[in-house]
Amino acid sequence: MQEIFNTILMNLEQVGIGALLFLVAYVSNILLGAWRNVNINGDNFNWSKIGQSALKFVVLGLGIGLLSIVVSVLPVFITYIGIEIAPETLASIDAIVIVGAFTTATLRYVVDCIDKLKEVLGINQAKG
């Protein structure tokens, strides 16, 4: 049982780092989007959109974090109840789940940020 708690604590640290990277990409995306919408597209600034984005981050961050913890603890639980899984497999599952979940979400917002930054800077993309 102690191994399960240790795994959860270790994964919470990793989830925290993943969530921080996700947060930075997400906030950057929000800021660049707000600048583009107001200064380039001429839209009115809308605080409710910022609030909705903040709520979306909280929901996504918690959802991905909880999913990462559950999926990475499942193999430890399976071992705890008597089904043997190699330690290398346990470590691989932890890494794939935590890295995969946050990396996927973070990269999506990084790509969006780059596109918005190009618009803000007036860099035209050659279509080819």
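**Notes on the model**

1. The chain has a radius of gyration of 19 Å, whereas a compact globule of 128 residues would come near 14 Å. The radius is taken over C-alpha atoms, and the globule rule is 2.2 Å times the number of residues to the power 0.38. Along its principal axes the C-alpha trace spans about 60 × 35 × 15 Å.

2. On provenance: this is a predicted model, in which local features need pLDDT of at least 70 and side-chain atom pairs count only at pLDDT 80 or more, while totals for chains, interfaces and linings use all residues. Residues are numbered from 1 along each chain as its sequence is written, and side-chain values use heavy atoms, with hydrogens and water left out.

3. The secondary structure comes to three helices and zero strands, in the order α-α-α from the N terminus. Helices (H or I, at least four residues) and strands (E, at least two) are DSSP runs, numbered from the N terminus.

4. Of the 128 residues, 29% count as buried, that is, under 20% relative accessible area; exposed is over 50% and partly exposed lies in between (1.4 Å probe, protein chains only). Among contacts (heavy atoms within 4.5 Å) between residues at least 6 apart in sequence, 82% join residues at least 24 apart.

5. The largest pocket holds about 330 Å³ of space. A pocket here is an open set of points on a 1 Å grid over the protein atoms alone, where a 1.4 Å probe fits, with protein on both sides within 12 Å along at least five of seven lines; lining residues have an atom within 4 Å of a point. Grid points are joined across faces, edges and corners, and the volume is the space filled by probe spheres set on the points.

6. Which residues lie nearest the centre of the largest pocket? They are Ile30, Ala34, Asn37, Lys49 and Ser53, out of 19 lining residues. Helices H1 (2-40), H2 (47-80) and H3 (87-121) each supply at least two residues of the lining, and H1 gives the largest share, eight residues.

7. Ile50 lies in helix H2. Is Ile50 buried or partly exposed? Ile50 counts as partly exposed because its relative accessibility is 24%. Not counting residues up to four places away in sequence, Ile50 touches Ile30 and Phe45. The C-alpha atoms of Ile50 and Val27 are separated by 9.8 Å, with the two residues 23 apart along the chain.
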